[in-house]
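This report describes a protein through its fold, its ring pairs and its charged pairs. The sequence and structure are shown first.

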Amino acid sequence: MKQTDQEEFIKAIVKEINGQVESDHWELVKKSKVPMGTKILDSVWAFKCKQDIKTSEALKYKARLNVHGGQQVCGVYYFDTYAPVVTWYSVQMALILSIINPWHTHQIYFIMVYPHADIKFNLYMKLPHDIETIDDSGEEYGLIPCKS
């Protein structure tokens, strides 16, 4: 990473890893414990910098650890894809209705949002090269999602 704001993204990486560990989404597994013939998928970082609309000043740095999507095969690693989408017109309509009717509205800010779908099979992922873990015996670790 050769950016001027590299240190901010490193802080975002640490925050992401700590969030994953605290919420028990992933479990460290020795690569020798992975069943024979099971493909270990690569991982990638997705970085994003949120900026102020008026001043273009950086407000927030985000880092997300993802499985490399190009290696996943439909019917093998996943079966269905679904992403709920809302339009701004729906949000505006809900706010207008809350003004007309005596409804109370609240703003919610999610720091880490992950779906908690049942996992029907094990999916193994390599740790990113910049955070690989090696124990005293020299054995590398990978990640496996925790069963929900």
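Does Glu 8 count as buried, partly exposed or exposed? At 34% relative accessibility, Glu 8 counts as partly exposed, where buried means under 20% relative accessible area, exposed means over 50%, and partly exposed lies in between (1.4 Å probe, protein chains only).

The model is predicted: local features need pLDDT of at least 70 and side-chain atom pairs count only at pLDDT 80 or more, while totals for chains, interfaces and linings use all residues. Residues are numbered from 1 along each chain as its sequence is written, and side-chain values use heavy atoms, with hydrogens and water left out.

**Overall architecture**

The protein contains two helices and six strands, where helices (H or I, at least four residues) and strands (E, at least two) are DSSP runs numbered from the N terminus. Along the sequence, these elements follow the pattern α-β-β-β-β-α-β-β. The protein has 148 residues, of which 20% count as buried. Among the contacts with a separation of 6 or more, 68% are between residues 24 or more positions apart; a contact means heavy atoms within 4.5 Å.

**Aromatic pairs**

A pair of aromatic rings is described by the distance of the centres and the angle of the planes. Here, rings of Phe, Tyr and Trp (its six-membered ring) pair if their centres lie within 6.5 Å; planes under 30 degrees apart count as stacked, over 60 as edge-to-face and the rest as tilted. By this rule the protein has three aromatic pairs. One of them joins Phe 9 and Tyr 61, and this pair is edge-to-face because the ring centres are 4.9 Å apart and the planes stand at 85°. Phe 9 belongs to helix α1 (residues 6-22) and Tyr 61 to strand β4 (residues 58-67), so the pair ties together parts that are 52 residues apart in sequence. Phe 9 is buried, with a relative accessible area of 4%.

Trp 45 and Phe 47 form a stacked pair, because their ring centres are 6.2 Å apart and their planes are at 25°. Trp 45 counts as buried at 17% relative accessibility, whereas Phe 47 is partly exposed at 37%. Ring pairs link Phe 9, Trp 45, Phe 47 and Tyr 61 into a cluster.

**Salt bridges**

Side chains of opposite charge can pair when their charged atoms come close. A salt bridge is a side-chain nitrogen of Lys or Arg within 4 Å of a carboxyl oxygen of Asp or Glu.

| Salt bridge | Distance, N to O |
|---|---|
| Glu 8 and Lys 11 | 3.6 Å |
| Arg 64 and Glu 16 | 3.0 Å |
| Asp 42 and Lys 126 | 3.2 Å |

Glu 8 and Lys 11 are three residues apart in helix α1, so about one helical turn separates them. Lys 11 is exposed, with a relative accessible area of 52%.

The salt bridge of Arg 64 and Glu 16 links distant parts of the chain, with Arg 64 in strand β4 and Glu 16 in helix α1, 48 residues apart. Arg 64 counts as partly exposed at 27% relative accessibility, while Glu 16 counts as buried at 2%. A polar atom of the Glu 16 side chain also lies 3.4 Å from the backbone nitrogen of Leu 65. 

The salt bridge of Asp 42 and Lys 126 likewise links distant parts of the chain: Asp 42 is in the loop between β2 (40-41) and β3 (43-51), and Lys 126 is in strand β5 (residues 124-126), 84 residues apart. Asp 42 is partly exposed, with a relative accessible area of 26%, and Lys 126 is partly exposed at 33%.

**A backbone feature**

Most residues other than glycine have a negative phi. Which phi does Ser 56 have? Ser 56 has a positive phi of about 60°, although it is not a glycine. Ser 56 is found in the loop between β3 and β4 and is partly exposed, with a relative accessible area of 49%.

Conventions: Polar contact = N/O pair within 3.5 Å; in protein donor to acceptor, adjacent residues only side chain to side chain.
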